[in-house]
Amino acid sequence: MEAGDEERPLLHLHPSPQGATSEYTRDGSVDINKQPALKHSTGKWRACFLILGVEFCECMAFFTISKNLVTYLTAVLHESKVTAARNMSAWVGACFFTPLFGGFIADTYWGRYWTIVGFFPLYVVAMVVLIASASLPIFSTSSDHGGSVHRAFVYLGMYIAAIASGGVKPCTSSFGADQFDTNDHAELVTKGSFFSWYFFLINTSNLLSGTVIVWLQDNVGWAVSYVIPTVLMLICFPAFLAGSRVYRFRKMGVSPLTSILQVVVAAVRKWHIKLPDDSSLLYEPSGTDASYKIEHTNEFRFFDKAAIVSAPSDNESTVPLCSWRLCTVTQVEELKMLLRMSPIWASFVIVYAVDAQMPSTLVEQRMFMDNRVGSFTIPPASMSVVGVISCLVWVPIYEMALVPLARRFTGKEKGFSQAQRLGIGLALSMLTMVYAALLETRRLAVAEASGMRDPDAPVPMSILWQVPLHVVHGAAQVFAGVGATEFFYDQSPETMKSLCAALGQLALAFASYMNSLLLSIVAVATTRR
């Protein structure tokens, strides 16, 4: 590819016939009344600020629970270190698994806006349950009965939050990106910046949780820390509802999972039929109401058989747009797009497995290091703030310095191609784990040299040795994390934006469960004999 060429998009939109100077958007979006969306009064940053407010609250609630969860499970619920790390990974996995169902509901039934409206109040309920578990006398751990009830109530609140997260996480990023007209060059470029600042806001909530919230949990009380995100939710959610008239909405199509299954079934039914040499003979109705069509590609050609017109009855007048025996070229190409995305998705399971180590095993590592810096003592859970600050610093550096610099060499509007951005993130994630392994090796060597019989006892080794690790991981997040969010939105079919955003979250879920499995395997292997 030449330096001045753009990447070949997986999705080819056919713009509407409206002119460039039209007062309406040209990507088929509508307003809350299902009328064509006006460019000057809907969408763009005026709408994104309200959507980002909802995401900020959701992240504050999530990080308030997760940031110091290992400490809570070990110190308050008296779980062992391995059990606490495993239970935390399982819960984080649930938080990133449920978006698959939330994304399906958004793309098939409710739409992104109404899915957020339906699930967000459930998050408030979860936080109220956690506030009650941390403050009411009935949950005293002084007795076996009180301890078991307390434990059950804590996990009840955590998993209600996981369900609520499933409806909010996959929709906020997609709904925010929907506010930019993909057929308007200026808005399309701005949309790329949206994902960077979206990630910036997530890390801002992460920073506040790792400092203010963790300090409150360690010094004031857990109930107070849960009250803060709950109050923020009660403020931002009404503001989100009040801005309904400025949002842009995408028209919903057929259920994405149904469409995918139809292609598979129709292709299998026609496995014995030879594909025509001319792809224009494949079925694509000319009078479709869809606002876009996807051009035919030659990859995964087996599935093209679903679009073969094999009988005289297979014509536009007798076959519905969605059929179990005849599918459109666009339907087939949507499935192909998902298949092309699958290797990237699989690689990010490994990247996110690195993320899963940050709030679990690396917190435990800090518990057994010297956390004193002069007269100040750093809580183990707060050390991750270094990584958050690294992210907050790297986002503006990336947007304001690296992108313009890279643009001079590559000629690309975004500076880096998506493949380059993701590749750099993968390499930095690998370096993060290499450093973590070397650091643990060094910690154990210090423990042995100090004559400590227990390798898990605190060693005379400063907690600041983890700083380079978090700095590198923060840079990896800016390249890989932001790049993955943008990738799953840009390269997904128009009717599957929320579902594909959920696939990105599903990679996080698989990574968390992988981390939990690895912890169990290591625990068994290292405690034998």
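Helices (H or I, at least four residues) and strands (E, at least two) are DSSP runs, numbered from the N terminus. The model is predicted: local features require pLDDT of at least 70, side-chain atom pairs count only at pLDDT 80 or more, and totals for chains, interfaces and linings use all residues. Residues are numbered from 1 along each chain as its sequence is written, and side-chain values use heavy atoms, with hydrogens and water left out.

**Exercise 1. Describe the chain as a whole.**

Step 1. Count the elements: the chain has 14 helices and two strands.

Step 2. Of the 529 residues in the chain, 54% are buried.

Step 3. Consider contacts, that is, heavy atoms within 4.5 Å. Among contacts with a separation of 6 or more, 81% are between residues 24 or more positions apart.

**Exercise 2. Characterise the largest pocket and state which helix gives the largest share of its lining.**

Step 1. On a 1 Å grid over the protein atoms alone, a cavity is a set of points where a 1.4 Å probe fits but cannot get out, whereas a pocket is an open set with protein on both sides within 12 Å along at least five of seven lines; lining residues have an atom within 4 Å of a point. Grid points are joined across faces, edges and corners, and a volume is the space filled by probe spheres set on the points.

Step 2. The largest pocket holds about 950 Å³ of space. Its lining comprises 28 residues, with T361, E364, E440, L519 and V522 nearest the centre.

Step 3. Two or more lining residues come from each of α3 (81-97), α9 (329-357), α10 (361-367), α12 (418-449) and α14 (497-527). The largest share, eight residues, belongs to α14.

Step 4. Classify the lining, counting Ala, Val, Leu, Ile, Met, Phe, Trp, Tyr, Cys and Pro as nonpolar, Asp, Glu, Lys and Arg as charged, and the others, Gly among them, as polar. The pocket lining has 17 nonpolar, six polar and five charged residues.

**Exercise 3. Is S384 buried or exposed, and which residues does S384 touch?**

Step 1. S384 lies in the loop between β2 (376-377) and α11 (385-410).

Step 2. With a relative accessible area of 13%, S384 is buried.

Step 3. Not counting residues up to four places away in sequence, S384 touches K67, R366 and H470.

**Exercise 4. Where does R112 lie, and is R112 buried or exposed?**

Step 1. R112 belongs to helix α4 (residues 99-135).

Step 2. Its relative accessible area is 9%, so R112 is buried.

How values were computed:
Buried means under 20% relative accessible area, exposed over 50%, partly exposed in between (1.4 Å probe, protein chains only).
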